[in-house]
Amino acid sequence: MKDKKTSLLAFTIGGPIGCLGGLIGLGGAEFRLPFLLKTFSKTAKKAVALNMLISLITVVSAIYFRSRNFDISIIVPQVLLMLAIIVGSTTGAYWGIGMLTKISDTLFKKILLILLLVMGVLLISESFITFGSMGIMFGSIYIELIVAVFCGILIGIISSLLGVAGGEVIIPILILLFGIDVKLAGTMSLIISLPTMLVGITRHTKNKMYTDKSELSSLVLPMGIASIIGASIGAFLVIYAPSQLLKIILGALLIFTSIKILTEKD
């Protein structure tokens, strides 16, 4: 009975978050995390591990839906850049999860919520910035690829510590540093995040974060399915909703929620 209530609650929460993610072009993992911590009473490390599994479900489905309406051939010229970022991001994810085993859950919770505050600030900031295809002239493909690897390491660490796909970080980096068109950057971001999360999930599995099968079936699966449904609805509604205003509201909500959880006594 408890599992059924958990499944229903997970589905109910996952749907709107997925819809909001579809509206603003994110997976919604940042907004799931406070619920995993507070509503489902998961430890910080467990919440991140479960969030990464749900993020994987969301990203795989997003790649599938985009591939049906996207000319994949335009990604080909960016393959080297993507590979360089993936090398860095998978390395960063491996290191990031290794860090989790060396710190207490209380300390990690504080780190986690500070990162969520940063994500909230990023959301609000991006709502005021109109990204054009910018980019830096590196002068050499080798320098560009080295920069891409280091950017990937940062992306991987953030992804592993929050259990997110990391689109808020990946997309601005692709646009501002490498001059990628905003629409192409969204698709590249999903592809880059996939191997990063697979590395993270592999390490979480080795750390025995997924041994509770009922947790996977009653929480991860229904929330993942609801996220997919919600994201597809959000993607449909995007032409009707003011996405910039949504980013400001959701960023402020994320900041408020993070502060609230951070200041509560364990």
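**Salt bridges and surroundings**

Guide: Let's start with K42 and E215, whose side chains meet in a salt bridge (2.6 Å, N to O). The term stands for a side-chain nitrogen of Lys or Arg within 4 Å of a carboxyl oxygen of Asp or Glu. K42 lies in the loop between α2 and α3 (44–68) and E215 in helix α9 (residues 213–237), so this pair ties together parts that are 173 residues apart in sequence.

Visitor: Before we go on, what kind of model is this?
Guide: A predicted model, in which local features need pLDDT of at least 70, side-chain atom pairs count only at pLDDT 80 or more, and totals for chains, interfaces and linings use all residues. Residues are numbered from 1 along each chain as its sequence is written, and side-chain values use heavy atoms, with hydrogens and water left out.

Visitor: And how are helices picked out?
Guide: Helices (H or I, at least four residues) and strands (E, at least two) are DSSP runs, numbered from the N terminus.

Visitor: OK, how many salt bridges does the structure hold?
Guide: It holds two. E215 also meets K46 through their side chains, at 3.2 Å, N to O. That pair links distant parts of the chain, with E215 in helix α9 and K46 in helix α3, 169 residues apart. Through shared partners, K42, K46 and E215 are joined into one network.

Visitor: Is E215 buried or exposed?
Guide: E215 counts as buried, at 8% relative accessibility. Buried means under 20% relative accessible area, exposed over 50%, and partly exposed in between (1.4 Å probe, protein chains only). K46 is buried as well, at 15%, while K42 is partly exposed at 22%.

Visitor: Let's switch to α2. Why is it called largely enclosed?
Guide: Because eight of the ten residues of helix α2 (residues 29–38) are buried, it is largely enclosed by the rest of the structure. Among the buried ones are A29, E30, F31 and R32.

Visitor: What does the side chain of R32 join up with?
Guide: The side chains of R32 and S55 are joined by a polar contact of 3.0 Å. Such a contact is a pair of N or O atoms within 3.5 Å; within protein, one must be able to donate a hydrogen and the other to accept it, and residues adjacent in sequence count only if both atoms are side-chain atoms. R32 itself has 0% relative accessibility and counts as buried. Its C-alpha atom is 7.4 Å from that of G14, 18 residues apart along the chain.

Visitor: Now α6: how far does it reach?
Guide: Helix α6 (residues 141–162) has 22 residues and reaches 31 Å from its first C-alpha to its last, close to the 32 Å expected at 1.5 Å a residue. The expected span is 1.5 Å times one less than the number of residues. At its start, a side-chain oxygen of S140 comes to within 3.2 Å of the backbone nitrogen of Y142. After α6 comes G163, with a positive phi near 75 degrees.

Visitor: One last thing, what lies over the face of Y94?
Guide: R203 does, at 3.9 Å from the ring centre. The rule for a charge over a ring is that NZ of Lys or CZ of Arg is within 6 Å of the ring centre and within 35 degrees of the ring normal.
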